[in-house]
Amino acid sequence: LYAVMAINVAVWAANVFSGMSPTAPAPAALVAWGANSAAAVVRDGEYWRLPTATALHGGVLHLGLNMFALWDAGRRVCLWFGNGPFLLIYLGAGLAGSALSLHFSSQQAVSVGASGAVFGVLGALSVNVLRHRASLPRAAARQLLTSQAVFIALMLAQGLVFPGIDNAAHIGGLLAGGAIGWLLVESGD
């Protein structure tokens, strides 16, 4: 978890030290660093952009929000699943989010951010709580499920209201993380 967070922060710092705006980087600068773009991926075959886009962020606020949500949910996922499965969830959800973004959102704009992967971690956490809610304290399970549902709903609603928020990546990551989490829970039972 902390290594993943450090990589995200290090990439943002490298962006800033290279001259990119710390608060509102230009799309062309993000593309130069590996942002997700339908033209680059589909036309030019630059499939490496699917994972690299997840380490880029559209400014320090974007980075901070993603890292806080990752830290909050990621600690529980690492505790319940372990570090290796956490990384599998994070990377799988990040790739799925990038792929869905490529199809729906990156046609007209570039897409960056770890939020697809973060939503995947939230999906895995939610699946684990749902799957094992009978063995968890009732109040803790209810609180976790409620807080995750409210956060996910608020973030998706923001994506409907504010331009530039990539709900396709969020939904792709959430579904992939939930599916990976379900498979991991099933294999652990």
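Here is a short chat about aromatic pairs, and charges over rings, in a predicted model.

Tutor: Quick ground rules: in this predicted model, local features need pLDDT of at least 70, side-chain atom pairs count only at pLDDT 80 or more, and totals for chains, interfaces and linings use all residues. Numbering runs from 1 along each chain as its sequence is written, and side-chain values use heavy atoms, with hydrogens and water left out.

Student: Why is the pair of Phe68 and Trp71 called tilted?

Tutor: Rings of Phe, Tyr and Trp (its six-membered ring) pair if their centres lie within 6.5 Å; planes under 30 degrees apart are stacked, over 60 edge-to-face, and the rest tilted. Phe68 and Trp71 sit 6.0 Å centre to centre with 40° between the planes, so they pair and fall in the tilted class.

Student: What makes Phe68 exposed or buried?

Tutor: Buried is under 20% relative accessible area, exposed over 50%, and partly exposed in between (1.4 Å probe, protein chains only). Phe68 has 54%, so it counts as exposed. Trp71, at 29%, is partly exposed.

Student: And what about Phe119 and Phe151, why is that pair tilted?

Tutor: Their centres are 6.5 Å apart and the planes 35° apart, so that pair is tilted too. Phe119 has a relative accessible area of 3%, so it is buried, while Phe151 is partly exposed at 29%.

Student: How do you know that Arg75 lies over the face of Trp71?

Tutor: The rule wants NZ of Lys or CZ of Arg within 6 Å of the ring centre and within 35 degrees of the ring normal. Arg75 is 3.9 Å from the ring centre of Trp71 and lies over its face. Arg131 lies over the face of Trp182 at 4.9 Å.
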